[in-house]
Amino acid sequence: MIDVIDLKKSFGKNNVLNGIDITINKGEVVVVIGPSGSGKSTFLRCLNCMEDPTGGQIIFNGVDIADPKVDINIHRRKIGMVFQHFNLFNNKTVIQNIMLSPVLCAMADRRKAKRKNLFSKTKTPIKSVAEIKKEAEENAYKLLARIGLEDKANAYPSTLSGGQKQRVAIVRSLAMNPDVILFDEPTSALDPEMVGEVLDVMKELAQSGMTMVIVTHEMGFAKEVASRVIFIDEGVIKEENNPQDFFQNPKHPRLKEFLSKVLM
Amino acid sequence: MNFDAKFNKFIDILINQNGYVKVIEGLENTLKIAILGLVIGIVIGTLIATVRVVPKYKMLPRVLNSICTFYVGFFRGTPMVVQLLLFYYVALPLMGINLPSVSVAIAVFGLNSGAYISEIMRSGIQSVDYGQMEGGRSVGLSFSTTMMKIVIPQAVKNILPTLGNEFIVLIKETSIVSFVGAADLYVAFNYIGSNSYEFMVPYLAMAIIYIVIVCIITLLIKFMERSLKKSDRRN
């Protein structure tokens, strides 16, 4: 689904990623770990071009999205992202947060379809604005029910706890029906108590077959949910393995050292 | 002549000699210039502020940015009276355009406040956490859509008091439009004064009208702030 070929990223003279090659298949849960400053977050943010790569290719569904000529917004609809600090829209209620992008994107597509209909004989059916909104709203309520927060639909993000915010952020990205979701340290900014509820939602997602790339420090979670774990250090993938071998028989000395330092 | 006599003279001219028509016309022009100027200013200011915060990797944003820098530099670097005179007596005649002085005043006030509001708006946009932009972009919204729907509404909430300040400044600054012959409050009360050779009461009344307008605006801003606060914290 995503082919990363020789991905490079530098900020000025600081080379953060020095050539990363990896293929992420449909339905896989790839967990990325590494020491701080190793480039794991940058790697993840390059996958949806939140950071523009300075070299290499990212082939997503057959298109190189690292190419600046590609309309990245179209592809980002299919690549969800969950942030460390949630980044919910503070001026919108929970339900508006979830509905905003589906509605706006559907409206943009509607305008495009209308324009197309003007010039072609085969008319594509056009949904009314009310229909689009209703569909998005129904879907949003369904998603909220999935995380048990229907009663918070009309609350503003500032009134939610960290765990609730992160769960809403997860369903916000789900509302776009993405092919893959990127998680950038989703539990690092949470109180310890609230980590569990977020991880549960992610576990359920993984079981439903969602493709996920997760940067995290939750080793236990990685062991349990990952189908593959990769270790990034100094901007390259130092080790890549299934979780059992990864944690029990680490081969690279740097990984051994890293694992000996983190609590399991 | 004591104050009572002066006051009676003022009332006499105001009511019996059609002074009130002038005052209403002046009030109308003052408000028209300030309000329309503010609206134009907000539009221009928001556009400039957006250009200023766009990442500048490509050529187009860079060119636009230097145009905006020049624009802001010019309008903040010269007094508004000078701009008004330049437009009315230099720029427009050179272009062969003939506009009523009130329209010119509206345009100049808009252009001028646009320069100031662009900086106010820029600080507002920068006060919004960058994560808001990232959140919007991550779900496939474009830069401009995220700006319009997410960042600017939050920015406006943050800068509302300063924006109110700008509006108040504009209201008061309208007293310079008589330089190009537009009839504002000053012209109206000056008319009354010169008809009676008595300026004390008319100018006092003028000051009171300005104060009342500003008080009303202050209240309106407070009201708007309160209604925008609802997303802030536990309500």
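Analyst: Two strands are said to pair if DSSP finds at least two bridges between them; helices (H or I, at least four residues) and strands (E, at least two) are DSSP runs, numbered from the N terminus. This is a predicted model, in which local features need pLDDT of at least 70 and side-chain atom pairs count only at pLDDT 80 or more, while totals for chains, interfaces and linings use all residues. Residues are numbered from 1 along each chain as its sequence is written, and side-chain values use heavy atoms, with hydrogens and water left out.

User: What makes β6(A) and β7(A) a pair?

Analyst: Strand β6 (residues 79–82) of chain A and strand β7 (residues 180–184) of chain A are joined in the parallel sense by 4 bridges, and the definition asks for at least two. In β7(A), F183(A) is the bridge partner of V82(A).

User: Why is helix α1 of chain A called largely enclosed?

Analyst: Buried means under 20% relative accessible area (exposed is over 50%, partly exposed in between; 1.4 Å probe, protein chains only). In α1 (residues 40–47), 7 of the 8 residues are buried, so the helix is largely enclosed by the rest of the structure. Among them are F43(A), L44(A) and R45(A).

User: What makes the meeting of R45(A) and E134(B) a salt bridge?

Analyst: The term requires a side-chain nitrogen of Lys or Arg within 4 Å of a carboxyl oxygen of Asp or Glu. The side chains of R45(A) and E134(B) meet at 2.5 Å, N to O, and the count between chain B and chain A is 1 salt bridge.

Definitions and conventions
Chains are lettered from A and ligands numbered from 1 in the order in which they are written.
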